[in-house]
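Here is a friendly note to read alongside the picture. Take a moment to turn the model around before starting on the points.

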Amino acid sequence: ANTYLTGIKPTGEFHLGNYVGAIKPALAAAREYDTYYFVADYHALNTVKDAAELRHSIRSGAATWLACGLDPERTVVYQQSKVPETFELTTILSALTPKGLMNRAHAYKAARDRNTAAGNSDLDAGINMGLYNYPILMAADILVMEGTHVPVGRDQSQHIEYTADIAGYFNHRFGEGYSFPVPKGVIDEGDGSILPGTDGRKMSKSYDNHIPLFLPENKLKKAIRRIPTDSTPVEDPKDADGSVPFQLLAHFADADKVADVRRRLEAGGMGWGELKNELFEAVNAELGPKRERYDQLMDDPSEIDAILEAGSARARERARATIDRVRAAVGVA
Ligand code: TYM
């Protein structure tokens, strides 16, 4: 049976890129399949070193899942750290994973490239082992639940390929005792797999080009107004696809609206300001009700805590069944 599984890392505010790339496709799957959606708090610990901040972000992550419409009876909503079988599996998978694979991981290489660019002679300066081992922990997240389908944005595709590789190493060695299902990424083929941020690069907290998911209405309007556009006069034809507000609109407005706006931009007569109004209306229509629910949940976190607790217990049951078989297969039980 198909098991959809995905996680979001609580390192601060969730943003429109998380929504389009992972949350929305995950919600669609939740109507049909077994779904396990979680808050990857130990992944966040690599960068967040403040207990109060991490605690807040974990709740915010869970509230985001719930506010977006997950039914916690149907979907197992949980917290990664509450499923310690994940970390036992990380140890087992580490014993099978070549170091070279980790050396080639994008996030690790990017951190070393930043040191090179900064003229730092120690290319591993500022890089912790958590970042280095990140892909193995992520593989364990997926494999311990026997996830088969992983809805993510395109920036995570290497991690999914690594997970498939690591499952393969295990199955090759120990397949007579136990085999993991080899998971697949569920990644939008089109533009949605990487939503641009306000500067046109991938929307990301680390680039500071993100629009938070649950900004109050007036701040959302301001954030959208501040997206840079060129100085083409209102009456001139414009390059719709080359503009960030239009690329964002394409993910929030319905197809007719998008086609209409495109026509008006390309014909001339529609200014960037009007485009941004359309974008605000579309984003606000989709996220407004969710924002209300999010604010309610965050006002009194006891409901979130209870749901996370119950979800984590369910997730743990499934993880325990997997790890028992894995232990036996490798010979420690
Ligand atoms: P994270 O928290 O960085 O991002 C959460 C999800 O949002 C997607 N995403 C985007 N999609 C489209 N356009 C963007 N600009 C954009 N920015 C982010 C990400 O692709 C991701 O799907 N390592 C993961 C968390 C994780 C995980 C897992 C995911 C830990 N264990 C197991 C799946 C399965 C991460 O840091 O995502």
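1. Leaving aside its neighbours within four places in sequence, which residues is glycine 311 in contact with? They are Pro72, Val76, Val77 and Tyr78, where contact means that the C-beta atoms of two residues, placed from the backbone, lie within 7 Å. Keep in mind that this is a predicted model, in which local features need pLDDT of at least 70, side-chain atom pairs count only at pLDDT 80 or more, and totals for chains, interfaces and linings use all residues. Residues are numbered from 1 along each chain as its sequence is written.

2. Stay with glycine 311 for a moment. Its place is in helix α13, residues 302-330; helices (H or I, at least four residues) and strands (E, at least two) are DSSP runs, numbered from the N terminus. Glycine 311 counts as buried because it has 25 C-beta neighbours inside 10 Å. The cut-offs are these: buried is 20 or more other C-beta atoms within 10 Å of a residue's own, exposed is 12 or fewer, and partly exposed is in between, with C-beta atoms placed from the backbone. From glycine 311 to tyrosine 37 there are 274 residues in sequence, yet 9.4 Å in space, C-alpha to C-alpha.

3. Now look at strand β1, residues 3-8. Six of its six residues are buried, so β1 is mostly covered. Thr3, Leu5 and Gly7 point one way, while Tyr4, Thr6 and Ile8 point the other way.

4. Which strand pairs with β1, and in which sense? The partner is β2 (residues 34-39), parallel to β1 over six bridges; strands pair if DSSP finds at least two bridges between them. Threonine 3 stands opposite aspartate 34 of β2, and isoleucine 8 has valine 39 of β2 as its bridge partner. On the way from β1 to β2 the chain passes through α1, and this β-α-β crossover is right-handed. Right-handed means that, with the strands pointing away from the viewer, the path from the first strand over the helix to the second runs clockwise.

5. Strand β2 is also worth a look. It is mostly covered, with six of its six residues buried. Asp34, Tyr36 and Phe38 point one way from β2, and Thr35, Tyr37 and Val39 point the other way. β2 runs parallel to strand β3 (residues 75-79), joined to it by five bridges. Within that pairing, tyrosine 36 stands opposite valine 76 of β3.

6. Next comes the ligand. There are 27 residues around it, and Lys9, Gly17, Gly21, Ala22 and Gly153 come nearest; a residue is near a molecule or strand if its C-beta atom, placed from the backbone, lies within 6 Å of it. At least two residues of this shell come from each of β1, α1 (16-30) and α7 (129-144). The largest share, five residues, belongs to α1. By type, the shell divides into 12 nonpolar, 11 polar and four charged residues. Here Ala, Val, Leu, Ile, Met, Phe, Trp, Tyr, Cys and Pro count as nonpolar, Asp, Glu, Lys and Arg as charged, and the others, Gly among them, as polar.

7. How is the protein chain divided into domains? Domain 1 covers 3-196 + 301-330 and domain 2 covers 205-292, with bounds from an automatic or database domain assignment. To the contact, domain 1 gives 17 residues and domain 2 gives 10 residues. On the domain 1 side, α1 and α3 (51-67) each supply at least two residues, and α1 has the largest share with five residues. That side holds eight nonpolar, seven polar and two charged residues. The centres of domain 1 and domain 2, taken over C-alpha atoms, are 31 Å apart.

8. Finally, check two backbone angles. Most residues other than glycine have a negative phi. Glutamate 146, which is not a glycine, has a positive phi of about 50 degrees. This residue is in the loop between α7 and β4 (149-151), and counts as buried because 20 other C-beta atoms lie within 10 Å. Aspartate 208 also has a positive phi, of about 55 degrees. Its loop is the one between β5 (184-186) and α9 (217-225). Is aspartate 208 buried or exposed? Aspartate 208 is exposed, because 9 other C-beta atoms lie within 10 Å.
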